[in-house]
Amino acid sequence: MSTFIARRLLWSIPTLLGVTMLTFVLIHIAPGGPALALAGQRATPAQIAAVTHALGLDRPLYIQYARWLGALLHGDLGYSYVQQSPVALLVAQRLPQTLLLMGSALLASVVLAVPLGVYQAYRRNTTFDRVASVFVFLSWSMPTFWFGTILIAIFAVTLRWFPVGGLQTIDTTAFDWPTRIAHLVMPAATLAIVSVAGWSRYIRGSMIEQLREDYTRTAVAKGLSTRRVLFRHTLRNALIPFITLLGATIPALFGGAIITEQIFAYPGMGQLFWQSAIDRDYPTLLGMTVLTGVLVVLGNLFADVMYAVVDPRVRYD
Amino acid sequence: MIDALPDMTFVRRRIRLPWIAATCMAWVALVVLACALGPALLHVSAAATDVADAYAAPSAAHLLGTDGLGRDELARLLVGGRITLSVGAVAALVAMVIGTIYGSTAGYYGGWLDTLLMRVVDVFLSVPTLFLLLFLAAMFHGNLVTLMIVIGATSWLGPSRLVRGEVLTLKERLYVEAARSLGAGDGRIIFRHLIPNAAGTIITTTTFMVASAMLAETALSYLGIGVRAPMPSWGNLLSGAQSDIFAGAYWLILPPGLAILTTVCSFNFIGDWLRERQERALAES
């Protein structure tokens, strides 16, 4: 098992290097570049040249890459000239909020998507299945921000159940869970809607496939209850490929967080990324891209390992 | 040189349309027609402002009311539909051309080239698409053409994987062997034999890509770096109406939202139906 993990870790190194190279290329095709940003819009060509030299931007590209990568390995994600702060600091303030949001959305998606998918598969091609499919497709095709706005209009403006946005009510200074959760419900629901749709569809398909297998027929023939067959036999097998899908959903969740955090003025990574894109704050954009890439690769690695843990047919060697 | 006939059985076979796919196709056709011809038939300008008549509720003069500048909402919806549909179609086309060429090259040549090309796809997949999209859209924020290219250039990863998988099985077929023994080169085999035979996968994926490209336009417009005002698109009509939601101007919020929802959903349903047909045809063969 440890050999398997070690091998998978080694395999993710080229991908990680690739992510840094992609990011580095993007830095260099970005117009303006750090020299112009630092020297200011009114700088003379000589001043820009001086800054370029001071930053080492006139060195050969591979040397620049090596130095940038070296800094990255020391935890230096770059420096935001717009916000006048190291990118790592900006990210450190916001990453926990986004992970909390993503975690809640992930949990909500699993809790809703798995039973829905199982039941749709069990009752496939019935009116329930068809109606549910239409709703699944509709929520899959909905612009996220529209859904978020509808939630705000209903639950915050009309019913006043939840606050409109933000991370915490402004006058609460202490960290208290009830207001925290109240501020989390609508953003998490907005972020979750797409994955609920996609996953329930996936579980449905995967369950239908498993329900055709011989072992299912055997389990039914043994006289086991429907519930036991569905949840103890079929679902377990249907969930195995789902683990990989979970890993692959992480980037989509980071992307979705951009829009969700924007709707609910939630101070996380997504909002920082959007603000940086509007300000053309390239160092921040790229620092965040590298960091997210690393998190995604690690997430996929974790999914692969889990896959091997739950499916004994996957060989470790 | 004899070229193998592309295996279009999934298109040609006797079509028994489920009502839902039929409805979706009819809806898409209707929307496309309305957006193409509507503005000319309507005799109302989408750009003419009339501040005295701002925020007017739907009436005989303005079937869907007017916006905050007194512009006719129906005219803007139809013109905006042209923009959003074109963005969806062109971006999907760009994604499919890149994805098809990339995927078929990887699948056909195999070996180290395949490994390398697919590793590159893994790298791109590790970065959230919306990050790349936002980064590129901020960098090249300008006209409609760059928007289409940027959306297309960030959505070819899925298609390239699907096409590669298809080509991996197709290249073992006898007609590829036959073409090669007749002296066909790699390029001819890929473009005249493999890609036409992968048409089923390519058409199905394109349908889904149109849907997701339209949603990408909407998302970027909401984030302020999509289609630029005053040019209307469904995305910026909808995001512009966000502030009108508290004023109760339902005629500004519902039409663009429903237009996006129903059209994107129709494309997804059509895609799903095509995929199901294809899988069934594969199982029967």
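**Note on the chain A and chain B model**

1. Chain A and chain B together bury about 3,800 Å², with 80% of that on carbon and sulfur atoms. Buried area here is the accessible area (1.4 Å probe) that two parts lose on being put together, summed over both. On the chain A side, A:S141, A:F145 and A:W146 lose the most area to chain B. Together these three make up 18% of what that side buries.

2. Some ground rules. This is a predicted model, in which local features need pLDDT of at least 70 and side-chain atom pairs count only at pLDDT 80 or more, while totals for chains, interfaces and linings use all residues. Residues are numbered from 1 along each chain as its sequence is written, chains are lettered from A in the order in which they are written, and side-chain values use heavy atoms, with hydrogens and water left out.

3. The contact (heavy atoms within 4.5 Å) draws 46 residues from chain A and 42 residues from chain B. Polar links across it are also counted. The rule finds five residue pairs in polar contact across the interface, both residues at pLDDT 80 or more. A polar contact is a pair of N or O atoms within 3.5 Å; within protein, one must be able to donate a hydrogen and the other to accept it, and residues adjacent in sequence count only if both atoms are side-chain atoms.

4. Which parts of chain A face chain B? At least two residues each come from α1 (2-29), α6 (127-140), α7 (144-158), α10 (226-263), α11 (269-279) and α12 (282-310). α12(A) gives the most, with nine residues. By class, this side has 34 nonpolar, ten polar and two charged residues. Ala, Val, Leu, Ile, Met, Phe, Trp, Tyr, Cys and Pro count as nonpolar, Asp, Glu, Lys and Arg as charged, and the others, Gly among them, as polar.

5. Between chain A and chain B the count is one salt bridge (a side-chain nitrogen of Lys or Arg within 4 Å of a carboxyl oxygen of Asp or Glu). A:R201 and B:D272 meet in a salt bridge through their side chains, at 3.2 Å from N to O.

6. Over all chains, the whole structure holds eight salt bridges. In chain B, the side chains of B:R161 and B:D122 form one at 2.8 Å, N to O. B:R161 sits in helix α7 (residues 157-170) of chain B and B:D122 in helix α4 (residues 111-126) of chain B, so the pair ties together parts 39 residues apart in sequence.

7. Chain A has twelve helices and two strands. These are DSSP runs, numbered from the N terminus: helices are H or I with at least four residues, strands E with at least two. The C-alpha trace of chain A spans about 85 × 60 × 35 Å along its principal axes.

8. One helix pair in chain A. α7(A) and helix α8 (residues 177-211) have axes that come within 9 Å and cross at roughly 145°. Axes are lines fitted to C-alpha atoms, for helices over the stretch in contact, and angles run from 0 to 180 degrees between N-to-C directions. The contact residues divide into eight nonpolar, three polar and no charged.
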